[in-house]
Amino acid sequence: MASPGGGRRRGAVDLPPFSRRGSGRTIAFGGIPAMKRPPPRRGAPRPGGSIEIDGMSDYNGAGTRMNAVLELSDVRKSFKLGFIPKTREILKGISFSVAEGEIFGYLGPNGAGKTTTIKCALGLIFPDSGSIRLFGRPHLDPKAKERLGFLPENPYFYDYLTATEFLDFYAQLFKIPKDVRRERIPRLLRLVSMERAAGLPLRKFSRGMLQRVGLAQALINEPALVILDEPLGGLDPIGRKEIRDIILRLRDEGKTVVFTSHILQDIEMICHRVAIIVGGRILSQGRLSDLVSEKILYTEITVSGLDPAEAASLGESVSSEGGRLLLKVHDEAKVADVLELVRERRARVHALVPRTLTLEDIFVDMVKPK
Amino acid sequence: MTIRVIALNTFREAVRDRILYLLLFFAALSIGLSRVLALLTVGDRIKIIKDVGLASISFFGALMAILIGTGLVYKEIEKRTIFTLLSKPIRRTEFILGKFFGLVLTLLVMTGLMALIFLALLFAHTRRIEWSIPAALFFIMLELVLLTAVAILFSSFSTPILSTLFSLSFYLIGHFSWSLETLIRKMRPGLGRTVVRVLYTALPDLETFNYKTEVVHGLPVPAAAWLTAPAYAVCYTAFVLLLAVLVFRRRDFI
């Protein structure tokens, strides 16, 4: 997991900015090293129980904002649906930005507007208002799309093509020369372990196989930004792991990955930052480490050699077996007191586990109708 | 370049579709049947073979243009392949034009195949190559190009079944609209005549491309037709494609 700034493989400073010109914003440029950045401000809990994390502080600070590869600001979209058209607002002002080199998880329940957001970014849907920039350019600019890879949800592809023909078709759309195509296509098929199906028509492919070929398709132009819509859907556990490994490998190659999911474990395992969208609004966004460790619910301390009665004043005694005492300490300040007591009594600490909110806790908390 | 890539893929899609071969089979059957009809006819049998053969090519070519064309764009949307395609650096106009040229290429190849069958049958009877036939085929091809554009236009906003009905109506109206011209001649000047005239101008006149009779009976094709028919085809096709692009350009793919 990326630590604030410093741990990210690509620092803010050493990369050329994308959007230096044109955006009209005044942005302090370049040189503040990651260490000197102001510490992230923690927002106060909002009424209604949801949590606001100022994860954007990482980006509002000097430097990193420059490398935003995808930026949405206040994107709104409504559709007229039904026989007697009734306007339904799907996106109610979506704003987020994805920095270069990170894995960005876009999380939300079914029907929250994840795919609609992605389609807006790709120019498949025209938003009613708001702006979207890809690599600092207007998102409809074909130049911007040259550096983009996309895997749609439940991919269906031209079933009359073989896997090789299919990849060759997309490669040609990027005007990739023939000799490069000849080398790259087998390599990508190997990457998604589909080399044995290279000559088979796609109509004979299973869902998992289509997902893999779809991923290969998304990488055909060696994109700097890969957008994956539910990339792990419909895969078996081995397939999920393989795709996850590929996503992590992409990050190691310095690519930016945006992926949507409603499955928390996927996001928790590989994302740097997440945005949670519910009902067309982003309820929370920030670094995953901030989001999940925001609230320490309690700390579990296992000690031996302490008098249970004495310890009970500091925390709730859950169990005492074989001379070991499990304490549940709700107040963070009291953790230090327990440790102090342990030191004084020359007792032993066997385990100290802060129980934090998991992403699931946060998610369920947000999605719950108020 | 992009248009060419999409066109070639469209061609590949069409030639791997079984419906094309089914139509080709029936076209061949229909051309062959002209021989049987000729046997039943008194008079010039070669003329019957030519007439039925050319009519078959024209009719089955139109069916191919309509049945394949109406599915082309719709299938991309329905099967959601368009999501991936439009995320690549291509413009929507290029997509529509690629589809159009791909289908025109398909029809060129198919008309060529039907023509080969037809000319072979004709050669078996006359023992000589009929050089007037390609002239008729040229005009048939112009009509097919226009029909392709129409099928793609309907396909860009409607389901295949409706698009097929619309396109077939266009085809039928196009072949009967000349009767409006006759009507205009018989009407007295006034509002009615103006309405009919406007209607006649707006509706397609596909008989512009029909020189089968001339070719069959060995009459000369009017020299002006070599200019007016292609010009009419190009302008009408461009207009229809422009409409298709306008419909398609601002469309949301949900």
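# Exercises on a two-chain model

The crossing of α6(B) and α7(B) is right-handed.

## Exercise 1: two helices of chain B

Task: describe how helix α6 (residues 133-155) and helix α7 (residues 160-176) of chain B pack, and say which residues meet.

Solution. Two packed helices are described by the angle between their axes and by the distance between those axes. For α6(B) and α7(B) the angle is about 145 degrees, and the axes lie 9 Å apart. The handedness of this crossing is right-handed. Next come the residues. On the side of α6(B) they are B:Leu147, B:Val150, B:Ala151, B:Phe154 and B:Ser155. They meet B:Ser163, B:Phe166, B:Ser167, B:Phe170 and B:Tyr171 of α7(B).

## Exercise 2: a pair across the two chains

Task: decide whether α4(A) and α1(B) are roughly parallel or roughly antiparallel, and name the residues that make the contact.

Solution. Start with the geometry: α4(A) and helix α1 (residues 2-15) of chain B pack at about 160 degrees, with 9 Å between their axes. Angles over 145 degrees count as roughly antiparallel. The two helices are therefore roughly antiparallel to each other. Their crossing is left-handed. The contact is made by A:Phe169, A:Gln172 and A:Leu173 from α4(A), together with B:Thr2, B:Val5 and B:Asn9 from α1(B).

## Exercise 3: helix α6 of chain A

Solution. The next step is burial. The buried residues are A:Leu210, A:Gln211, A:Arg212, A:Val213, A:Gly214, A:Leu215, A:Ala216, A:Gln217 and A:Ala218.

## Exercise 4: helix α11 of chain B

Task: compare the span of α11(B) with the expected value, and describe the surroundings of B:Val245.

Solution. With 25 residues, α11(B) reaches 35 Å from its first C-alpha to its last, close to the expected 36 Å. Its buried residues are B:Ala229, B:Ala233, B:Tyr236, B:Val240, B:Ala244, B:Val245 and B:Phe248. Among the elements covering them are α5 and α6 of chain B.

Now take one residue of this helix, which runs over residues 225-249: B:Val245. A residue counts as buried if 20 or more other C-beta atoms lie within 10 Å. B:Val245 has 20 of them, so this residue is buried. Apart from residues up to four places away in sequence, B:Val245 touches B:Thr93 and B:Ile96. B:Ser156 is 89 residues from B:Val245 along the chain, yet their C-alpha atoms are separated by 8.6 Å.

## Exercise 5: a residue of helix α5 in chain B

Task: is B:Leu121 buried or partly exposed, and which residues does it contact?

Solution. B:Leu121 belongs to helix α5 (residues 92-126) of chain B. It has 18 other C-beta atoms within 10 Å and is partly exposed. Beyond four places in sequence, the contacts of B:Leu121 are B:Ile31, B:Gly32, B:Arg35, B:Ile49 and B:Gly53. For B:Ile31 the separation is 90 residues in sequence, but 8.3 Å in space from C-alpha to C-alpha.

## Exercise 6: chain A as a whole

Task: summarise the make-up of chain A and the confidence of the prediction there.

Solution. Chain A has 12 helices and 14 strands. Of its 370 residues, 42% are buried. Among contacts with a separation of 6 or more, 69% join residues 24 or more positions apart. The mean pLDDT of the chain is 78, and 80% of its residues reach 70 or more. Over residues 1-65 pLDDT stays under 50.

Methods: Residues numbered from 1 in each chain as written. Chains lettered and ligands numbered in written order. Predicted model: local features only at pLDDT ≥ 70, side-chain atom pairs only at ≥ 80, totals over all residues. Buried ≥ 20, exposed ≤ 12 C-beta atoms within 10 Å, placed from the backbone. Helix = DSSP H or I, 4+ residues; strand = E, 2+ residues; numbered from the N terminus. Contact = placed C-beta atoms within 7 Å. pLDDT = per-residue confidence, 0-100. Axes fitted to C-alpha atoms, helices over the stretch in contact; angles between N-to-C directions. Parallel < 35°, antiparallel > 145°, perpendicular 65-115°, else oblique. Left-handed = near helix turned anticlockwise from the far one by under 90°. Expected span 1.5 Å × (residues − 1).
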